[in-house]
Amino acid sequence: MKSLLAAVTSLVILSSPVFNAQPPSPTKAFTGARVIDGTARAPVDNATILVRGGRIVAVGPAVTIPADAERVPLAGKTVIPGLVNAHGHVGNTVGLEGGKYSAENVQNDLRTYAAYGVTTVFSLGDDQAASIAARDSQKTPALNRARLFVAGPVLAPKTVDEARKLVDEDAAMKVDIVKIRVDDNLGTTPKMAPEIYRAVIDQAHKKGLRVAVHLFYLEDAKQVLDAGADFIAHSVRDVEVDDAFVAMLKRKDVCYCPTLMREVSTFVYESTPSWFTDPLFLKHVDPKTVETLKQPARQEQMHSSKSAQRYKAQLPVASRNLKKLSDAGVTIAMGTDTGPPARFQGYFELMELELMAKAGLTPQKVLASATRDAARCMKLDGEIGTLAANKWADFVVLDADPLADISNVKKISAVYVAGNAVAR
Ligand SMILES: [Zn+2]
């Protein structure tokens, strides 16, 4: 009698309009995979990831699966935390011109990142209202695109007063971090003066905000650290980093974001890159953009560009600096500077991991920098970065183990954000 009553009750619930309008978020059990949870723990074979309401309930080899859970068998697969890009850009990605920020582009970009397993992106500049709105609407179990955090506009004040005013505007906009550039673009533009960036950093800290700095030169990196900068958003590329810089980064606990693929993008289109035939790359790229980048005249222009060749020459310096800093115990946050024209979101992050390994980091170090460490560096580790109870169920299912070969991050079987499979 009791069971008959239960059956009738559930039938009533199933057919009620309330149910149709708002289905309860189901419990999902992802079973049988090798799980690399992003912590220092060894990979766990035949693990279960239990997800409810978009968040992880439990993960491990001995998780009790509720009878009503939807089961997703993942035997033979390897699961890693969703990748975190600590330096990207969203909203402007249209062809090779860019600069056409729109809410639609923001959403498209976030879907593209997610399709490649980049489940969180920290956009370091050119962020407008639609990006703030996207960030503010993502704490939902229904999310199926990459999470977004934003810097607002890249601040370029000319006076100390303007510096403080622009930071106040950033704070009013509720950005997640303040972004400035301290660079002369290989000697072609004026560099932000120390009294200006000191005012930006001071005002940001007064408002409870951190400051990310675009830079190129070691001397500037030391100066901005001395001024209190909180995040080094690019590789030092002019010279080899020295022990004093290492000591500063460690003492101040500041993270370093290599963006090696940004460097590649400055010169690689002097010829046709080998990955232009990779189906994984071609799947989400605008074919017109690829065709344009293949044009001989355009390639010749890049080949004879002084700045392109200078950046090309400095990439090995950036690689060596990454290895030296990582070995010295500086926290590395994976980042790419994707989003501007010809810096392809999603695919470039996977190539960045390969370049980091090529620089000499172990696959384990590379993965950590792209998950747990990037999340920590961006103060997001309470919510993402590792696969642990109460965190969002953002993860990538791979056909092969990336600890054996980091390139296996390209063998994507599925990507989940808040436990939802994202479109690929
Ligand atoms: Zn950038």
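1. Basis of the comments. The model is predicted, with local features requiring pLDDT of at least 70 and side-chain atom pairs counting only at pLDDT 80 or more, while totals for chains, interfaces and linings use all residues. Numbering starts from 1 along each chain as its sequence is written, and side-chain values use heavy atoms, with hydrogens and water left out.

2. His 89 belongs to the loop between strand E6 (83–88) and helix H3 (103–115), and Asp 337 to the loop between helix H13 (306–327) and helix H14 (347–358), so the pair ties together parts that are 248 residues apart in sequence. Helices (H or I, at least four residues) and strands (E, at least two) are DSSP runs, numbered from the N terminus. Both His 89 and Asp 337 are buried, a term that means under 20% relative accessible area, with exposed meaning over 50% and partly exposed in between (1.4 Å probe, protein chains only).

3. Phe 122. This residue is found in strand E7 (residues 118–123) and, at 3% relative accessibility, counts as buried. Contact here means heavy atoms within 4.5 Å.4. Helices H9 and H13. The axes of H9 (residues 260–267) and H13 come within 8 Å and cross at roughly 160°; axes are lines fitted to C-alpha atoms, for helices over the stretch in contact, and angles run from 0 to 180 degrees between N-to-C directions. The two helices, H9 and H13, are therefore roughly antiparallel (angles under 35 degrees count as roughly parallel, over 145 as roughly antiparallel, 65 to 115 as roughly perpendicular and the rest as oblique). Their crossing is left-handed, meaning that the near helix is turned anticlockwise from the far one by less than a right angle, whereas clockwise would be right-handed. Residues of H9 in the contact include Leu 260, Val 264 and Phe 267, and those of H13 include Tyr 311, Leu 315 and Leu 322. The contact residues divide into eight nonpolar, two polar and three charged. Ala, Val, Leu, Ile, Met, Phe, Trp, Tyr, Cys and Pro count as nonpolar, Asp, Glu, Lys and Arg as charged, and the others, Gly among them, as polar.

4. Helices H3 and H4. H3 packs against H4 (residues 129–136) at about 50°, with the axes 8 Å apart, and the pair H3 and H4 is therefore oblique. The crossing of H3 and H4 is right-handed. Ala 103, Val 106, Gln 107 and Leu 110 of H3 meet Ala 130, Ser 131 and Ala 134 of H4. This contact of H3 with H4 comprises five nonpolar, two polar and no charged residues.

5. Positive phi angles. Most residues other than glycine have a negative phi. Lys 174, not a glycine, has a positive phi of about 65°; Lys 174 lies in the loop between helix H5 (160–173) and strand E9 (178–182) and counts as exposed at 58% relative accessibility. Ala 342 likewise has a positive phi of about 65° without being a glycine. Ala 342 is placed in the loop between H13 and H14 and counts as buried at 9% relative accessibility.
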